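Subject: The structure I promised you

Hello,

Here is the structure we talked about, with the sequence alongside. Please open it next to this message and follow along as you read.

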Amino acid sequence: MNSNRTPELSASPDPKDHPPLSRRSFLARSAGLVTAGATAPLLVPRPILGAGEQPPSETLTLAAVGIGGMGQHYLDGCKGARVVALCDADHNLAGKVFEKYPGAARYKDFRKMFEKEAKNFDALIIGTPDHTHAVILMAALQLGKHVYCAKPVTHTIGEARKVRQAVLAAQRLVTKTSAQSSGTEGARSTTELLNAGVIGPVRALHVWCDHPVYPCSVVRPTELQTPPDGMDWDLWLGPAPYRPYHSAYHPWKWRPWWDFGGGTVGDMACHTFHLYFNELQLGVPKSAHGYGSFRCEGMSTRVETPECQSHANVVTWEFPARGQLPPLQLHWYDGGMKPPRPVELDATVRMPSTGLLFVGEKGKLMAGFSGGRFLSGRGFDGGLLLPEEKFRDFQPPPKTLRRVPDHYGEWTQACRTGARTVCPLEFGCEMTELALLGALALRTGRLLTWDAQAGRVTNDDEANQWVNPPYRKGWTL
């Protein structure tokens, strides 16, 4: 049904239709299922079993929330695990995935799934839109479940800090962030090349990405639409501000809307930050500023889209000197934007569509967005050193960092053994915080000064309100 009426922000469905199940009441109702002594995962170590007994840990049991999008691919990657419960607010979108796992229980509300299935699964996959990650993740940690979560780990910086604390307090649990290139041969080779110090201290880093792959620069729709059959729109919204359903948000199009996602920088930054985040000590930016493209109607009437990111965006984070490291500028480009072409690059070589350019005091390093070569048979495993003539006789460093050839398999195996993954959620939260500071800069279009220790914007009250915004009534963290 369509209407020309403009929806009000404060409007919401009748709470009687969906009585809120708070985190407190959810945990209280789950207490009968998961007692204080049974909050650990269900895996049983082989040594405590009798000789010849097959331990339950040989088969990891999984549940998943948000399976109609990327969540289905996460499930596909967890080969050998048994899927026992699946949850998605849109059963139509998730229909093919339900069919693929006919033995799994089906839910729309993750809280009901946790209440009924807590005894039946060891680990949880979270593949929902960004704005619901934190509430699901925190509830899973309370139940003592291993967690694999889509990046960015949270929707806000405030959530990232709270989730990180909770993960660090649950050291027995195995977690992983969905940065699929983390620990790969290309990523590790670039990190090793950077660590070798061959280009000297890094003073600038340019990162460019060929996304977005979804509509941007959009004005919030005013017409009303009916959610598709099989969808619970109120559950999909979760803690986000109430917006009437519209196909401009779902399916697949929610990410550029600040209500639900962090734009392209929120979406993609963790896929590259893991290469150099710790090496360049990127947890302490002093400021961020950003700007995006705009569109016009007619010849010169500019269309303002404050609730949605632009088609092409640039962000710069400024870092002070950090120990032995000099001040650094980190530049982000998306939507087809790229940094200036390095003068040292061979004129016959095209800049890659996505990539990295480290600018050091002794040279430059150009690599793929997630590390590795961008030119077949040219340069080194970790990328191209510039100028090429200067580094022609350079001997690449030894391969000292652990490689992870199976991203999902590393997590499922670690769930069985208790090993630490290469990209655990506490690290994901740190990368998420930096990415979301960039998203705040884009949202405001202003220079934001950042107090990293306090976790607050010091010069912009509006931006600071978005660091830890309130949840919709009935939802808590």
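This is a predicted model: local features need pLDDT of at least 70, side-chain atom pairs count only at pLDDT 80 or more; totals for chains, interfaces and linings use all residues.

If you click on W317, you can see that the residues it touches include V265, F273, S287 and A288. L328, Q329, L330 and W332 are also among the contacts of W317, as are L434, A435, L437 and G438; neighbours up to four places away in sequence are not counted here.

Is A64 buried or exposed? Its relative accessibility is 0%, so A64 counts as buried. Leaving out residues up to four places away in sequence, A64 touches L75, A85, L86, C87, M113, L124 and I125.

**An enclosed helix**

Next, have a look at helix 7, residues 185-195. Eight of its eleven residues are buried, so helix 7 is largely enclosed by the rest of the structure. The buried ones are A187, R188, S189, T190, T191, E192, L193 and L194. What covers them includes strand 7, strand 13 (355-360), strand 14 (364-367) and strand 15 (384-386). Just after this helix comes G197, with a positive phi of about 75°.

**The second largest pocket**

How much space lies in the second largest pocket? The value is about 780 Å³. Its lining is made up of 41 residues, and M70, G127, T128, P129 and W254 lie nearest the centre of the pocket. Helix 5 (133-142), helix 8 (233-237) and helix 9 (263-268) are the elements that give two or more residues to the lining. Of these, helix 5 gives the most, with three residues. By type, the lining residues divide into 21 nonpolar, 13 polar and seven charged.

**Backbone details worth a click**

There are also some backbone details in the loops. The peptide bond from H211 to P212 is cis, with omega near 15°, and P212 sits in the loop between strand 7 and helix 8. The bond from H250 to P251 is cis too, with omega near 0°; P251 is found in the loop between helix 8 and helix 9.

W252 is in the loop between helix 8 and helix 9. Although W252 is not a glycine, it has a positive phi of about 75°. W252 is exposed, with a relative accessible area of 52%.

Q281, a residue other than glycine, also has a positive phi, near 55°. You will find Q281 in the loop between helix 10 (270-273) and strand 8 (287-292). With a relative accessible area of 38%, Q281 is partly exposed.

Best wishes

Definitions and conventions: Residues are numbered from 1 along each chain as its sequence is written. Side-chain values use heavy atoms; hydrogens and water are left out. Contact means heavy atoms within 4.5 Å. On a 1 Å grid over the protein atoms alone, a cavity is a set of points where a 1.4 Å probe fits but cannot get out, and a pocket is an open set with protein on both sides within 12 Å along at least five of seven lines; lining residues have an atom within 4 Å of a point. Grid points are joined across faces, edges and corners, and a volume is the space filled by probe spheres set on the points. Helices (H or I, at least four residues) and strands (E, at least two) are DSSP runs, numbered from the N terminus. Ala, Val, Leu, Ile, Met, Phe, Trp, Tyr, Cys and Pro count as nonpolar, Asp, Glu, Lys and Arg as charged, and the others, Gly among them, as polar. Buried means under 20% relative accessible area, exposed over 50%, partly exposed in between (1.4 Å probe, protein chains only).
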